[in-house]
Amino acid sequence: MPEVKLPSMPDIVDLDDESPEGAIHADQINSEDGESRPAIPEILNILPLRDSVVYPMLIAPLSVSREAGVQLIDESVGSGARVIGVVAQREPLTEHPNFDEVYDYGCAVIIRTLVRMPDAVRLIVQGISRFKIVERLGTEPYLRARIEVIDEPESPEGKDEELEALRRSISAMFEQAIRLSPQLPEELRSMTSSITELNVMADLVAAHMTLSVQDKQTVLETVPVVTRLRALLEMLSKEVRVLELTSKVHSEVSAELSKNQREYYLREQLKAIQRELGETDDRGEELEDLRRRIDESGMPQEALKEVNREYDRLRRMNPGSPEYTVARTYVDTMLAMPWSVSSEDRLELPTVRTVLDEEHYGLEKIKQRIIEFLAVRKVKGTLRVRQPILCFVGPPGVGKTSLGKSIATAMERKFVRISLGGMRDEAEVRGHRRTYIGALPGQIMQGIRRAETNNPVFVLDEIDKLGNDFRGDPSSALLEVLDPEQNHSFRDHYLDVPFDLSRVFFIATANRLDTIPAPLRDRMEIIELGGYTEEEKVEIAKRHLIPKQIDEHGLSKGKIGWTDEAVRFTVRNYTREAGVRNLEREIASVVRKATLKFAEGRKAKLEVKQSFVQEALGAPRFLHDEVAERMLKPGIAVGLVWTPVGGDVVFIESALLPGEKGLTLTGQLGDVMRESVLTAQSYVRSHAEDLGLDGEKISKAEVHVHVPAGAVPKDGPSAGVTMFTALTSLYSGRTIKPRLAMTGEMTLTGQVLPVGGIKEKVLAAYRAGVETLILPEDNKKDYLEDIPEEIRKQLKTHFVSDALEVFKLALSKK
C-alpha cells in the first residue's frame, strides 16, 4: 500500500500507553471517499485498545505496535474491508487480551489514513457507530466477533427544556475545565456551542476530558441521550472539583516558591553589594553556619522544631540584646548534643575478655555479666538491645570506678563519670529552666555532650551519698534516668525536648545499699564486690600497683624488683582493708625510698625484700594473729562485723557485777544491737536448765556488756549469736575455743538467721588468724559461692540453725 502523508493533528497516540485525547470532529476532516456513513459488516475484526475509548463521528490518531494488531490491520486493509471494531481493555497491562478481558461495547471505525513506520503502523480512524459484541467467533490470530450495531437515538419529545439545561450545564462545566486545565487548548471553548447534536457533543466532551477509562466506557455504553448527558455532567462536576483543588495547591506552592526565590535573590544581591563596598557581614556568615549545622545535625522532629524556633528568633534579634546570648547558647548546646552519633560496640568476645583481664584481676561475676550483654548484642545484630543498668556495691578501693572505665575500653565506647556525692539540687540532674540567668543543662546531658556519642558508658559515682534539701531530691530525678521504660524520652529542663538515654550503659557505684532509696535501688541490677583475699591482693600488687608506682617514680624494671615474700609481707603486715588503696600507698612509700637511694648515687639494681620493706615502712602495723594475741577469758566472744570499708573482727566482753541493776551496755551500741543483747539475755534466762546454768544466779546477777572501740558507732542484728556466746561463757565460766569467731542473728526462740556481708566477714576472720567459723545454715550457699577455695580449705566452718548448737560448738570444756 503506498505511503499516505499524515495530516496535521494533535498527537500520534501509542495504542499501548495512551488514550486518543487528540480526537477531532468528523466535520473537520474530509473523508477519502465521501461516504457519510460506510456500511458496517455483521462480522468485524476486533482491535483491543489500552487506556483508550473511541466515539462515533470523532477522528482519532492511533499507533498499532502489537503483532496481532499489525496483522489485523494488514489483512483488513488488504481485503478492502477498512471498517474494524475497536474496544477498550479492562486491564491495560494485559499483553494478549481475550474476549473476557475487553469490554462488550465498542465503536466501529473506518481507517482513513495509514502509514507504516519501522516500529509500528500509524493510522487515523473515524468512528462510525456504537456496537455490542453478540457472538465471539475467534481469538487467533486476532479477535473476531459478530456484532449488533447500536444506532444513535432521536431526541426524546417533550424534554427540550431539560436537554437545553443539560447542554448549558455541560458547556459551562467544560469551559471551566478548559480554564483550569493547561492540557486543554482554548480553541475547544466554542466547540460545544457550535455542535447541535447533543449526542455528538456528549461524546466530544468525554473524548477530550481526562476521565478514567471506566468513565469513558460508561459514556460509550449509555445510549439514551438524557441519561448520557446526566452521567457526563456528574463526571464533569467531579473532575472540575479536582482541577480546582489542584489549581489551589499549585498556586500555594508557587507563591511559597516565589517568596523563597525572592528572599534568596535579595540576599544574594545584598551580599554582592556588601562585597563591592568592602563590607563583610560576620553575623550573616555566623547565621548561615548555624543553619547548615542545624540541617546536618540529624535531630528528631521535636528537637528540630524547637531549634528552628530559637534560630528564627536569633535572626530577628539585635546581637546587643541580652536575649541574643541566651538564644545563641541554647542553639549551640542543642547542636553539640550527639543526637544521631553513636560508637560501634566491639563484639569480639575473646578480645573483650582479654582487655578486662588485663586491667582488673578477679571480679569474675562482673566480667561475665559484660560478656553476656555483648553476646546478646552480637546475636540481635542491628536490633536495639536494652542496656543494662548496673550498680557495683562494695567497700572503697576494690576498683568499682576503674572497672567502669575498663568496660568502656573493652567495648570501645566513650567513658563519662560524674560524682553524685553530696549532690543536693535536683537541677544538677535535670538542668535549670531557661528562664533563669546562667541556666545550664543537667549533669546527665552535659556528660552526654562531653562524650560526643549517644551510647557512652556512664558512671554515676557514689550514688549512695546523694543528699536532699529544699532544692529538691536528686535521687527522685534519677528514677527516670535509670528506668529503661522511661529514659528513651528523658526531658532535661534546659533542653526541653526528649533525648533518648536508652542507648547509654549506666553504671552506678556505692559503698552501701541501705542509704539508696528503695525505688531507685529497684531500678538497678545490684552486683556486690567483696573485699580482696590476700592472694588476690598479692596478684594485683604484682600485676598493676608495683609497675604503676615504678613508672610514676621514674624508675624501670631494670633498676628495681620485688620478691614475692616482700609483696606478701607488705600485704599481710601493713594493710588491713578490703580494697587496695592503702596497699598502693605503702608500695609507693617503699618505691620512694628506693628512688632516694638511686638519687644518692646507687647504680646496681635494687631487689626489694622483706628487710627493705620493714626499713622503709617501719615496724609492722598489724599482726597476722590478732585473735591469738587477745587473752581469752570467760565472758569474751569473737564476732564478725561488716563495715562500709570491709569486714572486721570484734571482741565482745561481758562481766558479772555485784548488785541487781540488770543489764548495762556500753560501746556506742545502736538500738538494734542493744535489742540483740536483750534477746540473748532473755533466751539464756529462759533456757538456763537446757544450757546447764544456774537460773537463780542469772536472775539476780548484774551484767555489763561492752564492745571495744567505743568511739565507733555500732549497730545491726548480726552480733546476736556472739552476744549469746559471751553471756553463756560468762555464766558458765568456760572460755570460747581458741581461734574461733562467729556471726548470725538470733531470735528469742533461739533460731539463727542469715546475715549479709559473708565474704567480707570471712576474709576479715582469715586475716585475723581465725581457724574456726560458726555461720548461719542459710548462709552456706553464700560461703561456697563467694569464698575462694584456697581459703575454704584453711578454715573449719560450722553451719548452725539453733543457739544450742552454737553453745556446744563455741565453748571449751571447763
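Gln-668 is partly exposed, at 45% relative accessibility. The residue sits in the loop between β19 (663-666) and α22 (671-686). Most residues other than glycine have a negative phi. These values come from a predicted model.

Asp-496 also has a positive phi, of about 60°, although it is not a glycine. The loop that holds Asp-496 runs between β11 (490-491) and β12 (498-499). Asp-496 has a relative accessible area of 38%. Because this value falls between the limits of 20% for buried and 50% for exposed, Asp-496 counts as partly exposed.

Another backbone feature concerns a peptide bond. Most peptide bonds are trans. The bond that joins Glu-140 and Pro-141, however, is cis. Its omega is about -5°. Pro-141 is placed in the loop between β6 and β7. Strand β6 covers residues 121-138, and strand β7 covers residues 143-150.

An open sheet of 5 strands is found, with parallel pairing. The strand order is β9-β10-β13-β8-β14. Strands β9 (415-419) and β14 (525-528) form the edges. Each of these edge strands pairs on one side only. From one strand to the next, the twist averages 20°. A helix packs on this sheet: α14, made up of residues 443-451. Helix α14 touches β9 and β10 (457-461). The direction of α14 makes about 155° with that of β9.

Within the sheet, β8 and β13 run parallel. Strand β8 comprises residues 389-393, and β13 comprises residues 505-510. The two strands are joined by 5 bridges. Val-393 stands opposite Ala-510 in β13.

Confidence was examined along the chain. The protein chain averages a pLDDT of 82. A score of at least 70 is reached by 93% of the residues. Over residues 1-35, by contrast, pLDDT stays under 50. For this stretch the model has 82 contacts beyond four places in sequence.

Technical notes: Residues numbered from 1 in each chain as written. Predicted model: local features only at pLDDT ≥ 70, side-chain atom pairs only at ≥ 80, totals over all residues. Heavy atoms only, no water. Pairing = 2+ DSSP bridges. Helix = DSSP H or I, 4+ residues; strand = E, 2+ residues; numbered from the N terminus. Axes fitted to C-alpha atoms, helices over the stretch in contact; angles between N-to-C directions. Contact = heavy atoms within 4.5 Å. pLDDT = per-residue confidence, 0-100. Buried < 20%, exposed > 50% of the residue type's maximum accessible area, 1.4 Å probe, protein only.
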